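I opened my notebook to go through this structure step by step. Here is what I looked up.

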Number of protein chains: 2
Amino acid sequence: MSERFKFDISATDGNARTGVIKMQRGEIRTPAFMPVGTAATVKAMTTSSVRATGADILLGNTYHLMLRPTAERIDRLGGLHKFMNWDQPILTDSGGFQVMSLTDLRKMSEDGVEFRSHIDGSRHMLSPERSMEIQRLLGSDIVMAFDECTPYPATKDETRVSMELSMRWARRSRDGFNSGKEHADKSALFGIVQGGVHEDLRRTSINALTEIGFDGYAVGGLAVGEGQKLMFEVLDFTMPMMPTDAPRYLMGVGKPDDIVGAVERGIDMFDCVLPTRSGRTGQAFTRRGTVNMKNARHRDDPRPIDETCGCPACSDYSRAYIHHLIRTGEILGAMLLTGHNLQYYQDLMSGLREAIAVGALREHVAAFHEKRLGGDITAL
Amino acid sequence: MSERFKFDISATDGNARTGVIKMQRGEIRTPAFMPVGTAATVKAMTTSSVRATGADILLGNTYHLMLRPTAERIDRLGGLHKFMNWDQPILTDSGGFQVMSLTDLRKMSEDGVEFRSHIDGSRHMLSPERSMEIQRLLGSDIVMAFDECTPYPATKDETRVSMELSMRWARRSRDGFNSGKEHADKSALFGIVQGGVHEDLRRTSINALTEIGFDGYAVGGLAVGEGQKLMFEVLDFTMPMMPTDAPRYLMGVGKPDDIVGAVERGIDMFDCVLPTRSGRTGQAFTRRGTVNMKNARHRDDPRPIDETCGCPACSDYSRAYIHHLIRTGEILGAMLLTGHNLQYYQDLMSGLREAIAVGALREHVAAFHEKRLGGDITAL
């Protein structure tokens, strides 16, 4: 039988690492970017197209799936992988982040969160135990502990109280996860470090989590409006305190330069809706930066978005055509641009992995920044 | 050099025919269904996916393309085939039908139609000459004559006057088409029979068109609200008057049983937005009839829409998943259902072609009707 969960780091360069997470459903090359498949679909993409970009793992959202079509229904239908036709690993979030954002529809307690569905107002409960149950019903490969994403900004006292609650919930998440033995034997559980922008609270959180023991450790409470500079400062003091032999996951990040800076600081995994959401609104990610394909300067341009990109949009279509599709609101525009953006993100990750492998990350990152010219792709 | 245009009928069965149209960009197996690519895209589909369903030819809309991105722009970018990445034949309509439907925005004269764009109110002119020019700029393989689609209902006098105008425009279309020699040498021009529900007017129209001479003949002015019974009656008396050695195209048709009945009456080509539009609103075409995939009875159904269908939706996904995608408004739902519906239509055509080829159309059509049970696919 293959490994339940094994993380092999094959090379480091400064604080950055590259390696492979081995799981029963497949290998995840790190640093990894996970496309977001919110409602059991990466929006505007078939799973085979997502796989073709180089994605090794998808993210699924517990909150959305528990409401529609429900975890119980997905379980009856054979699990999330079969439901959405994706046989590689899936990481599911705990539902905590989305539930916390339902400011007017939720009630927090030590036990968990009572909330009303944003779809039909129906009542639901999320707790560490229920989150573990849902992620088990979905058949998740990497299960996230249920935590409170500390609001930003928050006072240090508020941050401490929130973090301490999350640590108690982390213990309950571990117990809940372990109680589903059959699923626990073939999946992994990640804990989530909280503590906001405070080094001592982050240390307390890490100590609490490593005491419990997890397969990987996420950095939570970032990318919530604090800005890149502060996010990097938090990573600068948090990374050295984290276990070196387990994957480190920066949740909800981010823009390409966020990812590059976080990889330099030792992060191994990322997820973000940016490439997919941007694809549906006409934004293309390129070596030169983000480009608005709605802009009239593209309308006569026979060149591909990026001739060095191997995605269908760049192999088969002109900037003029993509521009036309976006301007006319055609679904194919969202399909092609989403595919391009996911390809950009996967190419970004493979470039970082290769640079770390040969010890050339510094030069690679310098070249990455030098190429970016405020989205001017006319010079591409 | 390959043929400009050649129609080989390989078998007949009653009034039905099967064969192949040979053109420089490829062969079109008849009876043929042409998916509609209104704005240089078959909505929610890549061209390779459209081709994979078995489509030999697409339809492009002159009206939409002349407004956005404009025929001149498409010409500068290398033509419609290159623009939208489709190397098989394309038939373009003349723009007449869409322009006529702009009831409050158009002004008719002997010369043509002045109209305002439904997008930005800008002024435009369509005439036989301008329509031929636009279709030439697009690089169309099968060009449609510019005509007036007679309103329905109309008096016999109104129908005669309109038909006679269309016949004068047919002559001007032929002259305009011929004047673009380089394009005329590698493409084909179809005339459009008008005359409403009146046998004598249809005869007059056919005589006028055959006198001018066209590569194929369309039946216009049907599928405009007259109902299937009356449409079939018109076909019953019109088909025997039409040339037997040229393709016959029933424009804008239709539902599967419309197509089956029209094939029985001798029609060779069809186009319709129904499979694509229905795919975006949750309707699936099946052997049992049209099914609303939004219906709650599908939500726990692990079976494919139709296990005998080879499309991606039926190969890889359950009815429950398609139902979920449609209910949550996911783009992938439109993608998968559009693909399924186009596959259904192409399978319908290939079934008819094979039945005609072996002289078993009557039995084939009887089985087609017998299977249809008001959209109840639970018995599939």
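**Entry 1: one helix**

Which elements do the buried residues of α14(B) pack against? I kept in mind that this is a predicted model. I found that they pack against α4 (80–84) of chain A, together with α13 and α15 of chain B.

I then checked how covered α14(B) is. Nine of its nine residues are buried. I noted Arg319(B), Tyr321(B), His323(B) and Leu325(B) among them. For "buried" I used the cut-off of 20 or more other C-beta atoms within 10 Å of the residue's own. Following α14(B) comes Gly329(B), with a positive phi near 70°.

**Entry 2: the side that touches chain A**

How many residues of chain B are in contact with chain A? I got 31 residues of chain B, facing 31 residues of chain A. I listed the helices of chain B that each supply at least two residues to this side: α3 (71–76), α4 (80–84), α13 (312–316), α14 (319–327) and α15 (331–357). Which of them gives the most? My helix from the first entry, α14(B), does, with five residues. I also sorted this side of chain B by class. It has 16 nonpolar, six polar and nine charged residues.

**Entry 3: how the copies are related**

I superposed chain B on chain A. A rotation of 180° does it, with 0.0 Å of shift along the axis and an RMSD of 0.0 Å. The two copies are thus related as by a two-fold rotation axis. Where does chain B come nearest to the axis, by C-alpha? The answer is Ile331(B), at 3.7 Å. I also compared the contact residues of the two chains. Of those in chain B, 100% recur in chain A, and the same surface serves both copies.

**Entry 4: the sheet in chain A**

I turned to chain A and counted its secondary structure. It comes to 16 helices and 16 strands. Eight strands form an open sheet with parallel pairing. I wrote down their order: β4-β14-β13-β12-β11-β10-β6-β5. Why is one side of β4 (32–34) and of β5 (58–60) left without a neighbour in the sheet? Both stand at the edges, so each has a single partner strand. Neighbouring strands here are turned by 25° against each other on average, direction ignored.

β4(A) pairs with β14 (residues 269–271) of chain A over three bridges, in the parallel sense. Ala32(A) stands opposite Met269(A) in β14(A). Then I found a helix on the sheet strands. Helix α7 (residues 156–179) of chain A lies across β10 (142–144) and β11 (188–193), and it runs at about 180° to β11(A).

**Entry 5: a hairpin in chain B**

I went back to chain B for an antiparallel pair. Eight bridges join β1 (residues 5–13) to β2 (residues 16–23). Phe7(B) stands opposite Ile21(B) in β2(B). β1(B) and β2(B) form a hairpin with two residues between them. Gly14(B) sits in the turn, with a positive phi of about 65°.

**Entry 6: chain A as a whole**

I ended with overall size. The C-alpha atoms of chain A fill a box of roughly 60 × 50 × 45 Å along the principal axes. Last, I checked contacts in chain A between residues at least 6 apart in sequence. Here 68% join residues at least 24 apart.

How values were computed:
Residues are numbered from 1 along each chain as its sequence is written. Chains are lettered from A and ligands numbered from 1 in the order in which they are written. This is a predicted model: local features need pLDDT of at least 70, side-chain atom pairs count only at pLDDT 80 or more; totals for chains, interfaces and linings use all residues. Copies are superposed by least squares on the C-alpha atoms of residues with pLDDT of at least 70 in both. Two residues are in contact if their C-beta atoms, placed from the backbone, lie within 7 Å. Helices (H or I, at least four residues) and strands (E, at least two) are DSSP runs, numbered from the N terminus. Ala, Val, Leu, Ile, Met, Phe, Trp, Tyr, Cys and Pro count as nonpolar, Asp, Glu, Lys and Arg as charged, and the others, Gly among them, as polar. Two strands pair if DSSP finds at least two bridges between them. Axes are lines fitted to C-alpha atoms, for helices over the stretch in contact, and angles run from 0 to 180 degrees between N-to-C directions. A residue is buried if 20 or more other C-beta atoms lie within 10 Å of its own, exposed if 12 or fewer, and partly exposed in between; C-beta atoms are placed from the backbone.
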